[in-house]
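Subject: Structure handover

Hello,

Here is the structure for you to look through. My notes follow below it.

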Amino acid sequence: MAAELSFDVIEQLLVRLDVEDLIRCKSVCKSWQSLISCPRFVKAHLNHAYDNDRHNPQLGHRRFAMSGITNVDDWLYMDDTHIVGSCDGLVCFSPEDVEFVVINPSTREEKKLPNPPFRPNMAEIIMTREVVCWGFGYDSYADDYKLVAGFRQTYSKKRTRFYVLSLKSNIWRVIGEEVMYRCREGIDGVLCGGALHWFMAAAKKKVIISLDLSKEEFKEISLPTEDEGYKWNGKHRLGVIEECLCIYSCRSPLSTNKWVMKNNKWQLYNDHNCEAKYDVAHHLTGRLHSSIHYYSHDDGTRVPCNGDYIRASLFIKSLVSPYPHLNNYYERQTRNTKPGQEQEVNKSVESSAKGNNIRKRKRNRCKTYPKHKRPLVWI
């Protein structure tokens with residue numbers, strides 16, 4: 001049946017499959033493996049997955065978190081695993097201190113990143129992480145994924161120095177000068193609109209600092225005013241609702257006011273928009289095999305879209321690899337294949353496989369006979 005279909009039709013059928021099915025389809029033939037691994041197909045599959053979720057009237061967002069979302073501000077302790085961020089199916093997490101790992105829990109690819117070069121003097125606090133804020137997201141201009149980590153020279157210093165690492169370069173470098181603020185509540189950079197966002201403060205001034213991942217430029221975002229019903233307290237956190245940056249209270253998110261930024265303006269959010277929707281929360285799972293961890297995710301759990309998981313990173317199941325050089329390899333392989341040649345490759349692979357099977361059967365048949373009684377077989 002597949003041989004009667006054009007390659008374009010096969011591609012349109014494959015792009016609609018789940019990641020687990022596509023991984024199995026890679027074993028069908030070399031041309032399918034090359035197609036499914038091609039960056040163009042990976043992006044088409046990613047866009048199709050996003051469109052499916054957006055057109056689901058009952059689904060708010062898919063999110064990714066640890067086994068529980070409560071007490072996520074207990075980030076200072078080094079012996080706990082924490083989610084740094086998630087973007088396009090890639091999840092960055094920190095198993096301890098300043099160690100970072102990027103995985104695709106759907107394909108189970110994993111990449112350990114080098115440690116940041118900056119080593120601040122954190123002797124004031126024992127058994128705490130040296131990083132004071134972090135985030136993970138996508139640079140649309142460079143078509144690359146970036147990890148951002150902020151440090152302070154000492155814990156009492158009110159300036160933050162940011163380092164960035166891209167998956168393509170795998171090298172840490174400094175972003176501009178030190179920022180004249182220190183991180184306040186919540187160290188996880190909230191990814192929204194191609195930028196990471198943190199609550200920060202200097203003296204008595206409290207703002208939201210936004211880092212554009214493409215331009216690598218910082219920008220201050222003012223908080224909502226009292227006229228908009230907003231009053232700062234230490235329980236306010238950043239999150240995402242309906243693809244908009246959101247401020248909410250982590251003390252009781254279901255029953256307290258929320259503010260969302262639309263058209264560069266803060267406005268009070270109407271919780272009635274969430275009554276007919278739900279979020280799906282996927283959680284990081286892992287198993288130890290021969291001293292190696294294999295990370296994956298569960299099937300997801302329905303949670304209120306205006307509840308505790310507002311702060312959790314958005315998630316989508318995808319084929320995106322944490323190794324950009326593999327994408328470049330398959331892109332070159334696909335580029336060197338001429339239009340219409342894919343069907344010929346399929347047929348040649350199938351005929352070659354049949355020929356190999358015939359040869360194996362003939363060899364096995366010969367082995368069953370004594371050497372002096374073997375029949376004459378042309379191979």
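In which hand does H1 pass H3? The crossing is right-handed, a term used if the near helix is turned clockwise from the far one by less than a right angle, with anticlockwise giving left-handed. This is a predicted model, where local features need pLDDT of at least 70, side-chain atom pairs count only at pLDDT 80 or more, and totals for chains, interfaces and linings use all residues. Residues are numbered from 1 along each chain as its sequence is written, and side-chain values use heavy atoms, with hydrogens and water left out.

The axes of helix H1 (residues 7–14) and helix H3 (residues 30–37) come within 11 Å and cross at roughly 55°. Helices are DSSP runs of H or I with at least four residues, strands are runs of E with at least two, and both are numbered from the N terminus. Axes are lines fitted to C-alpha atoms, for helices over the stretch in contact, and angles run from 0 to 180 degrees between N-to-C directions. Phe7, Ile10, Glu11 and Leu14 of H1 make the contact with Ser31, Trp32, Leu35 and Ile36 of H3; contact means heavy atoms within 4.5 Å.

There is also an open sheet of 4 strands, paired antiparallel in the order E2-E3-E4-E5; two strands pair if DSSP finds at least two bridges between them. Strand E2 (82–87) and strand E5 (109–113) are at the edges with a single partner strand each, so one side of each has no neighbour in the sheet. The twist from one strand to the next averages 20°. E2 and strand E3 (residues 90–94) pair over 5 bridges, and cysteine 87 stands opposite leucine 90 in E3.

Regards
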